[in-house]
Amino acid sequence: GGGGGGGFRSGSYNTGSGARDGDSEYIRLSQKVASNIRSIQSSSSQLKRMGDLIGTPRDVHELRQRLHNVLEDTGHIITSTRDDLKQLARLDGGMGGESRKRQLQQEKLSKDFKGVLENWQRESSMVLRKEKETVRTDRERAASFRSMQRDTDDYSGRNEAAQPLMGHDDQHHNHQLDEQIEYNQSVIHEREQGIMELESQMTEVNEIFRDLGTLVSEQGHVLDNIEANITVTEDYVESGTEQLVKASNYQKKARKKMCCLLVVVVVAAAVLTIILVTQLKK
């Protein structure tokens, strides 16, 4: 069974396979972040399955050890992903359209990371609640065992003369009580350690949420600046095109005027030549 939606749907990320030389670090980091997001989503599903077993007969030491391992491993992945996203934001985004494409990709990665973190926190809260309930039950059971042990000790104290005659079953019962009390104490200690670890990790994830909010806000500003620069560039291109058209029209008009002037000069020269020739003949 999956661990809820969290708004994340596993999919492919465009990491710029046709990138220029020198972009390998950007591609490596973006692919790593995408892979980590899928790992955190998978860990949330594992956490949910293990959480469903807490407080049941299958809640044994091995389960608690697996739970500890998943919490520890996923905690490292979450921190690493946060750091990688920050590093991605610091890398050169390239030029124009490439920069905008990378910013959009980083926004998607940040959004998906936030989605799986929300899912992870939700499952962690469920595990924390069930662990605390189970510790409360274990303590009540331990108190009951101690009460039974005190009753047995009181009875033995009042009947010291009868102790040498105490049956094997009674001695075995006392030994079982001692073992049960000791086992309960170790389980309670183990659970309390897990609770402290889980609470600490949830606090760290809340801090990462705040970092992520700042990062997404900065990415939005960068994207706005890129779009503004693209708009300005388009305006300059449009203005330049208009100037070229005007210059071209001006050149055409100038050529037309020159042609007209040349025709006038040629006609005037021809007329003058005819007049001169006529005068000379006379």
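His 61 counts as partly exposed, because its relative accessibility is 43% and the partly exposed class lies between the 20% limit for buried and the 50% limit for exposed. The structure is a predicted model. His 61 has its place in helix α2. Glu 190 lies 129 residues from His 61 in sequence, yet the two C-alpha atoms are 8.7 Å apart in space.

## Overall make-up

The chain contains 4 helices and 0 strands. Read from the N terminus, the order of elements is α-α-α-α. The helices span residues 24-51 for α1, 61-90 for α2, 96-158 for α3 and 168-281 for α4.

Of the 282 residues in the chain, 31% are buried. Where contacts link residues at least 6 apart in sequence, 89% of them join residues at least 24 apart.

## The largest nonpolar core

The largest nonpolar core has 35 residues, and the members that touch the most others are Ile 78, Leu 85, Phe 113 and Trp 120. At least two residues of this core come from each of α1, α2, α3 and α4. The most come from α3, which gives 10 residues. In soluble globular proteins, nonpolar side chains tend to be buried together.

Ile 78 shows which residues meet around one of these members. Beyond its neighbours within four places in sequence, Ile 78 is in contact with Ile 40, Phe 113, Leu 117, Trp 120, Val 205 and Ile 208. Two of the residues in that list, Phe 113 and Trp 120, are themselves among the core members that touch the most others.

## Packing of α1 and α2

The axes of α1 and α2 are 9 Å apart, and the two helices pack at an angle of about 155°. The pair is therefore roughly antiparallel, since an angle over 145 degrees falls in that class. The crossing of α1 past α2 is left-handed.

Met 50 belongs to helix α1. Met 50 is buried because its relative accessible area is 6%, which is under the 20% limit.

Which residues does Leu 198 contact, leaving aside its neighbours within four places in sequence? They are Leu 71, Ser 124, Val 127 and Leu 128. Leu 198 is found in α4, and its relative accessibility of 3% is why Leu 198 counts as buried. The C-alpha atoms of Leu 198 and Glu 72 are 9.2 Å apart, while the two residues are 126 apart in sequence.

Arg 191 is also in helix α4. With a relative accessible area of 4%, Arg 191 is buried. Not counting residues up to four places away in sequence, Arg 191 touches Ile 54, Asp 59, Arg 64, Glu 131, Thr 134, Val 135 and Asp 138.

Definitions and conventions: Residues numbered from 1 in each chain as written. Predicted model: local features only at pLDDT ≥ 70, side-chain atom pairs only at ≥ 80, totals over all residues. Heavy atoms only, no water. Buried < 20%, exposed > 50% of the residue type's maximum accessible area, 1.4 Å probe, protein only. Contact = heavy atoms within 4.5 Å. Core = buried A, V, L, I, M, F, W, Y, C linked by side-chain atoms within 4.5 Å. Axes fitted to C-alpha atoms, helices over the stretch in contact; angles between N-to-C directions. Parallel < 35°, antiparallel > 145°, perpendicular 65-115°, else oblique. Left-handed = near helix turned anticlockwise from the far one by under 90°.
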